Amino acid sequence: MVNGTQNGSGGKNEPTERTEELPTSDRWFGRRTFLKAAGGAAALPLLARRASSAPTTHHLEIVSTEATSEISSLDVTYEFTATGEITPDADNGRNSSEENDSVTQNSDGTWTATGKTGNGFGDAFTFSGSVTDFAAQGSYELILDGQPVTADDLVSDPRHHIEVLTTEDPSELDYTFTTTGEIALDTDNGRNSAAGNDSVSQNDDGTWTADGYTGNGYGDAYYFEGDLVDFGPVEDFVEIYVDGTQIDLSQFQPERHHIEVLTTEDPSELDYTFTTTGEITKDTDNGTNSAAGNDSVSQNSDGTWTADGYTGNGYGDAYYFYGELTAFGPVEDFVEIRIDGSRIDVSQFENTIEETTSGGSNDHNLGGGEGYPDTVPRSEADVVVSTLDGLMDAFDSASSGDVVYVAGDATIDASSVTGTDNLVVPAGVTLASDRGIDGAPGGEISTDVIDYSHMMSAERNARVTGVRITGPLWEYVEYSKPVSSGLTVNGSGVEIDNVEVYGFNHAGIKLNASAHIHHSHVHHNSMDGLGYGIMCYGGQDTLVEHNRFNYNRHSVANEGTAGYEVRYNRFDGKAIAYQVGTHRPGGTTLSIHHNTFVPTEHLNDGVDPSCHVTIRGVPDDVADIHHNWFHNPKEPLDSPDMWTNEAIVQAHVDEWSSVEYANNHYGSDEPSADVGCPR
């Protein structure tokens, strides 16, 4: 949830109103029209910013204009700051800097000169960049590069001010923007100030990117140099102001395409997938060719998007997407694809779908470990730690983009980290170790106590990969307190991959926001009453894929108000109760497909066979359950009857409500390759 008071003192929920005319994109972008110098810009051609990255060096003289009878009289004191290095000029005749003049570099990278002069004499300096501040007392004149100037002429601030505002409450905005010059946080802009969940970083090509999070009628602010070249996502409730003037965001909106997947025969059946380079959304308002509850979309680990749908009998489905269509399958004679109204040749996509869907080359690496292709080598680490103090210090000093690496042979005992002083992976930081590299098990972060809510948490856009997160409780036990979890996700955009998590009586992984959890082994979180492998308390877009689960009470569960997609996982070995499901009131959109469910006995009641998927209550949208391999041979009842022992159960209803199931396989005999997890 967006914190409505992140940028101010709270109590202000009305969006900021602006009335300025929107400038055209030609006015604002692709030029240097942001650049300005206060006062005498026409007289200062050398202070204009240039396209070249090489700094321009200037010469400044501060000369007193009153002579006194006291040779030692110093009636002019001054101080000025420049964006580049300042150097005293001690060889400029009567206007030379002396020992009573000093130059220092500031913590933000700027430079400041201070000094005294008088009796008709002066001081001189060279500097690069621009003068951003000048103050002086006494009677003096300024000479810049040989020409007289005023103080107003001298000062030039190359920075521009940008405000990213939301105009609706509730709303949530996780955004980025890129500029050609440096970006700095503005933390003193009232309710629209940048905060701890906002960060800036320089890119390899010399540009800068801000990564921020706001909403609920609040906003963020920054200073930047150069030009604004990119912003996203573009939403109706977002306004951007540069130097106080609203800009037109449509220039940053990529072209959106419309795709229809049509069948031309009746009867016919089409179970299809397609992949695009940009985001896919369902079109549910396209008549008889609309996407429905048995169609789903998700983002892949490589940033592409995949739609997984089912249609036939002369009907079709429709979606919107950005970017390019890169794969579609299966290619059948009775299938027709139209993009933006034009029919395309589907033969070009023969044999593409196997390479690009279901996670591509990662398909058969369920659970991660040996052979996982996306490991982080130790050479990419910004810091390597093997002790608790070292890990905590690394988190305290890390910034977005950094990699904190747990040594592969380390076992870090976090038992002393209790209460609210738990380990926190900061926003945008990667916590990594070597699980799967040359067969390594991965560095371990462990605890032997259960008297805190969780051992570790991850903030927005963090990644946790290649580590083991372990607790003290392996075996099934009756419910008791206190309870604790291994890793809690507190911000959106978190990725958890190639980890092993076990030994916690509440949850191995607890989600307060959506996350992507893949290629991990989550097991032995098995206390009665709780005991979740993954528990979803918040978020609507959680993706759980290519994992192995074993000996959890529930491997993937939903508190009742969240949404998730669970696909390409193997639920193996033992199970305390059902493996995937939701609590009441029933969640939002639940997609459960292409999984293999092996355990048929619930260890807490001894029933065999027993259910694999249980929907408790009624989802707001749908629980779509398809192409799963259930080892339980008992198919769902025609009408649900509370707690029964079929493979799929819906509780607290008298008839199936917002639950759809199709193309599942029931029983231990092996189905076709398109049913169940990759094998």
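User: Where would you start, and what order do the strands of the open sheet take?

Analyst: Start with how the strands line up: 5 strands make an open sheet in the order S3-S6-S1-S8-S9, with antiparallel pairing. Strands here are DSSP runs of E, at least two residues long, while helices are runs of H or I of at least four residues, and both are numbered from the N terminus. Two strands pair if DSSP finds at least two bridges between them. The edges are strand S3 (86-88) and strand S9 (147-149), each of which pairs on one side only. On average, neighbouring strands of this sheet are turned by 30 degrees against each other, direction ignored. For that angle, axes are lines fitted to C-alpha atoms (for helices over the stretch in contact), and angles between N-to-C directions run from 0 to 180 degrees.

User: Before we go on, what kind of model is this, and what goes into the values?

Analyst: It's a predicted model, so to speak of local features we need pLDDT of at least 70, side-chain atom pairs count only at pLDDT 80 or more, and totals for chains, interfaces and linings use all residues. Residues are numbered from 1 along each chain as its sequence is written, and side-chain values use heavy atoms, with hydrogens and water left out.

User: Now the whole chain. How many helices and strands does the protein chain have?

Analyst: The count is 4 helices and 57 strands. The protein chain has 679 residues, and 54% of them count as buried. Buried means under 20% relative accessible area, exposed over 50%, and partly exposed in between (1.4 Å probe, protein chains only). The accessible surface comes to about 28500 Å², with 44% of it belonging to carbon and sulfur atoms; the areas come from the Shrake-Rupley method with a 1.4 Å probe, and for residues only the protein chains shown count as cover.

User: What share of the contacts in the protein chain comes from residues 24 or more positions apart?

Analyst: A contact means heavy atoms within 4.5 Å. Among contacts with a separation of 6 or more, residues 24 or more positions apart account for 74%.

User: How many salt bridges does the structure hold?

Analyst: Side chains of opposite charge can pair when their charged atoms come close. The cut-off for a salt bridge is a side-chain nitrogen of Lys or Arg within 4 Å of a carboxyl oxygen of Asp or Glu. The structure holds 13 of them. One joins Asp211 and Arg460 (2.9 Å, N to O). That pair links distant parts of the chain, with Asp211 in strand S14 (residues 208-215) and Arg460 in the loop between S34 and S35, 249 residues apart. Both Asp211 and Arg460 are buried.

User: How far apart are the closest N and O atoms of Arg548 and Asp572?

Analyst: They're 3.7 Å apart, a salt bridge. Arg548 is in strand S45 (residues 548-550) and Asp572 in strand S48, 24 residues apart. Arg548 is partly exposed at 32% relative accessible area, and Asp572 is partly exposed at 24%.

User: Which residues form a network of salt bridges?

Analyst: First, Glu565 and Arg567 meet in a salt bridge (3.8 Å, N to O); Glu565 is buried at 7% relative accessibility, and Arg567 is buried at 2%. As for the network, salt bridges that share partners join Asp174, Asp211 and Arg460.
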